[in-house]
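Keep the viewer open as you read.

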Amino acid sequence: MNKKAVIDPAEFLCGIEPYRALDAASFARLVASARVQRVERGRMVFEQGEACRGVHVVVSGQLKLAFCSPQGIEKVVGIVTPGEGVGEACMSLGQAYPVHAEALLDTHLIFLPQAALLECLEAHRGFAYQLMMRIAEKLHGLLLDIEATSLLSGAERIAAFLIRQLDEKVESGSAVVDLALPKAVLASRLSLTQEHFSRLLRQLSEYGVIEVAGRHIHIPDVARLRNYLDSGAGHCANRGGRSSGRGRAGWERLAAA
């Protein structure tokens, strides 16, 4: 979006949940309290531990949500894209942000203050229900991430990620996935080091499951990739940087498919 582009909070918010569940008068009051913000790439929107004072809704750009240890080690836990908000759960609980939010691109936001949102929650059951749904969806996504990190190998996490990027109707044939995130960010999102992530991409390429060209990932046979993930062939592959046992046999079976 151009720096000089005019953002109309009412026009943007009326098309997304939970805000379109409000009646006209309440929606107008909420919009009147909104503030449009522009955050340059690499700048923080809020810091880990900072008090949450409302919800940021992304209009354009991307936000990276991440934990950071005292030693500077970062773990990416989410990417917020246009139409999505951040801070709903913290605002509802009156808690500080457990993560920091950094702009991956020049990003435009609409900030909705806590007081205005709480007024909407108290007055409108439909709004409260839709906000609860948004929070529940995020919780469900985090549980799936924990499941993947705990039970899937690194190669399987990459396969699952690529499959999630495809249209649900794409069951077979070839497809292309364009990586919208820097590889370092994507690796952290999948709980991998950048080096391990790159090594697994090379191995998947060597076995003909994918073809990598920069940020473009070509999948020659989507059904084969789905079969690899469902079969558990890579479950033990590449843990600790080595492939052996059932994992290696799985790779060989996959290559011969």
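## The chain as a whole

A contact here means heavy atoms within 4.5 Å. Counting contacts in the protein chain between residues at least 6 apart in sequence, 72% join residues at least 24 apart. Bear in mind that this is a predicted model, where local features need pLDDT of at least 70, side-chain atom pairs count only at pLDDT 80 or more, and totals for chains, interfaces and linings use all residues. Residues are numbered from 1 along each chain as its sequence is written, and side-chain values use heavy atoms, with hydrogens and water left out.

The protein chain has 10 helices and 11 strands; these are DSSP runs numbered from the N terminus (helices are H or I with at least four residues, strands are E with at least two). Of its 257 residues, 43% are buried. Buried means under 20% relative accessible area, exposed means over 50%, and partly exposed is in between, with a 1.4 Å probe and protein chains only.

Which residues of α4 are buried? In this helix, spanning residues 114-123, they are Ala116, Leu117 and Cys120. Looking down the axis of α4, the buried residues fall within an arc of 95°, so they line one face of the helix. The arc is taken from the directions running from the helix axis to the C-beta atoms.

Those buried residues pack against α2 (24-33), β3 (54-60), α3 (88-93), β8 (107-113) and α5 (125-151). On the face turned away from the buried side, you'll find the exposed residues Ala115 and Glu122.

## A three-stranded sheet

Next up is an open sheet of 3 strands, ordered β9-β11-β10 with antiparallel pairing. Two strands pair if DSSP finds at least two bridges between them. β9 (175-178) and β10 (211-213) stand at the edges with a single partner strand each, so one side of each has no neighbour in the sheet.

β9 pairs with β11 (residues 216-219) in the antiparallel sense over 4 bridges. Ala175 stands opposite Ile219 in β11.

## Gly94 in its loop

Gly94 sits in the loop between α3 and β7 (100-103). Is Gly94 buried or exposed? Gly94 is exposed, at 58% relative accessible area. Its C-alpha atom is separated by 9.8 Å from that of Gly54, 40 residues apart along the chain.
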